Amino acid sequence: MYSRLLCTVCLMIVSLTFSVGCSSGSSDQPQNAPEEVSVDLGGGGVDLGDAGALDMEAAPRESKTEKPVRRFQPLTLNGNQSTAGSSAGAPEEQKFDNVLEALKPLQIMLGDWGGTTFKKFDGFSAVETLDWVWDLQTNPAQPALVMKADKSRYYNTGRLTYLTDKQKYQLTLTDKDGQKKIYEGEFSVPVQKIPGDDDPNVMHSTYKLSLSLVEPVDEKKHAQIIFNQQNNDRYMFELYDLRGDSVARVDTINTRRKGTSFAKSDSDYGSKTCVISGGLGTSQVSFQGKSYWVCCSGCRKAFEANPEKWIAKYEANKKKTDTQ
C-alpha cells in the first residue's frame with residue numbers, strides 16, 4: 001500500500017516538474033497556473049489532468065549567420081600602394097639641367113683654339129686647330145661639349161659630358177681611324193677663380209680634370225688624360241701612358257684661344273648671357289623681333305631648332321635668380 005502510494009506521489013512530482021519546465025521555457029505565451037492534481041488513494045488511480053500534456057512544438061531554428069564577403073585589397077608596401085611599373089628615374093628635363101650645371105665650369109673651353117705639341121714629330125711640333133661647342137640635340141637628356149680637331153696626331157673628335165648616376169665626367173675620343181676611347185673621372189684640382197695677371201678685375205678659371213681610360217680595358221697607351229686649365233685663354237691637354245703601377249706623361253698639347261678672353265667676370269655676363277648655357281654670349285639670334293645672345297654654334301643650332309623652349313627656360317632661370 002505504502003509502496004504504491006509512494007510511486008504515485010513520485011510520478012506526480014515528476015509530471016508537475018516537467019509541465020512547469022515546458023511552460024516556463026516559452027517567453028512568448030502567457031504563463032498559466034497548473035491545474036490542481038487530485039490523488040485517489042482509495043482506488044489507486046492518479047488523475048494528472050492536463051499536467052501531463054507536453055508541448056512538443058520545436059523551438060524556432062536559429063538562422064545561419066551569413067559569412068562576410070572577402071573583398072580584394074591591393075598589395076601595399078610600407079603602407080603605400082604598390083607602384084610596380086612606375087618610373088623611378090628623374091625626368092629628362094631635370095637630368096638635362098643637372099648635366100648642364102655640371103658642365104658649366106668647363107665651358108671656358110668653348111671657342112676656337114690653336115694647339116702645339118711638346119713632343120717633336122719629324123723635328124717639329126705638331127700644330128692643330130680645335131673647336132669646342134655645345135651639343136644639345138644629339139641626346140636631349142645628355143648635353144655635352146664636343147670638339148673637332150684639325151690635323152691632330154691623336155684624335156679627330158671629342159665628346160665631354162657628365163654622368164649623373166656615377167657622378168663622374170666622361171670623355172669619348174675618336175681618332176682618324178674611327179677607333180674610340182672612353183675616359184671617366186673628376187676634378188683632381190677643383191675649379192677656382194683667380195684674378196688675371198694683366199687685369200685683376202678679370203677673373204680666370206683654373207682646374208685640373210683627370211680622366212682614366214675605361215674602354216678598351218687593359219690599354220696602356222694614353223691610359224690617362226688631364227685637362228689642365230691655366231686661365232681663360234690657355235689650357236693644356238696632357239696625355240699619360242700606364243707604366244707598371246704608375247703613369248708617365250708622354251706629351252702635352254698646349255692650346256691658346258684665338259681672339260680675346262672668353263670670360264669677363266666670375267658669373268654675371270649681364271645682357272650678353274647665353275640664352276642656353278648661361279655663358280658669355282658671342283653672337284646674337286632673333287625670335288619674334290627680339291634678340292638673344294648665344295655662346296657658340298652649338299647653342300645657335302639648338303635655339304633655332306626650338307626657340308620657344310630655350311626662351312622659356314632662360315626667362316624662368318632669370319626670374320629665379322632675381323628673386324634670390
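A closed barrel of ten strands, running β5-β6-β7-β8-β9-β10-β11-β12-β13-β14 with antiparallel pairing, is present in this predicted model; strands pair if DSSP finds at least two bridges between them. From one strand to the next the twist averages 25°; axes are lines fitted to C-alpha atoms, for helices over the stretch in contact, and angles run from 0 to 180 degrees between N-to-C directions. Residues are numbered from 1 along each chain as its sequence is written. Because the model is predicted, local features need pLDDT of at least 70 and side-chain atom pairs count only at pLDDT 80 or more, while totals for chains, interfaces and linings use all residues; side-chain values use heavy atoms, with hydrogens and water left out.

**Overall composition**

- The protein comprises four helices and 16 strands, where helices (H or I, at least four residues) and strands (E, at least two) are DSSP runs numbered from the N terminus.
- Of the 324 residues, 36% are buried; buried means under 20% relative accessible area, exposed over 50%, and partly exposed in between (1.4 Å probe, protein chains only).
- Among contacts (heavy atoms within 4.5 Å) between residues at least 6 apart in sequence, 43% join residues at least 24 apart.

**Barrel and packed helix**

- Strand β5 (residues 111–121) and strand β14 (residues 246–257) run antiparallel and are joined by five bridges.
- Within this pairing, T116 of the chain stands opposite N254 in β14.
- Helix α2 (residues 92–103) packs on the sheet and touches β6 (124–135), β7 (144–150), β8 (157–163) and β9 (168–174); the direction of α2 makes about 115° with that of β8.

**Strand β10 and P195**

- P195 belongs to strand β10 (residues 180–195) and is partly exposed, with a relative accessible area of 46%.
- Leaving aside residues up to four places away in sequence, P195 touches P200, V202, M203 and H204.
- The C-alpha atoms of P195 and S205, ten residues apart along the chain, are 9.0 Å from each other.

**Helix α3 and cysteines**

- In helix α3 (residues 297–305), the residues G298, C299, A302 and F303 are buried.
- Seen down the axis of α3, the buried residues fall within an arc of 130°, so they line one face of the helix; the arc is that of the directions from the helix axis to the C-beta atoms.
- The exposed residues K301, E304 and A305 are carried on the face of α3 turned away from its buried side.
- The count of disulfides, defined as pairs of cysteine sulfur atoms within 2.5 Å, comes to zero.
- C296 is in no disulfide, and the nearest cysteine sulfur, that of C299, is 3.9 Å away; C296 is buried, with a relative accessible area of 9%.
- C299 is likewise in no disulfide, with the nearest cysteine sulfur, that of C295, 3.7 Å away; the relative accessible area of C299 is 0%.

**Backbone features in loops**

- The peptide bond from E215 to P216 is cis, with omega near 5°, and P216 is found in the loop between β11 (203–215) and β12 (224–231).
- D122, which is not a glycine, has a positive phi of about 55°; D122 lies in the loop between β5 and β6 and is exposed, at 71% relative accessible area.

**Confidence**

- The average pLDDT (the predictor's confidence in each residue, from 0 to 100) is 76, and 68% of the residues score at least 70.
- Over residues 16–89 the pLDDT is below 50, and over residues 260–266 it stays under 50.
- Where pLDDT is low, the predicted coordinates should not be read in detail.
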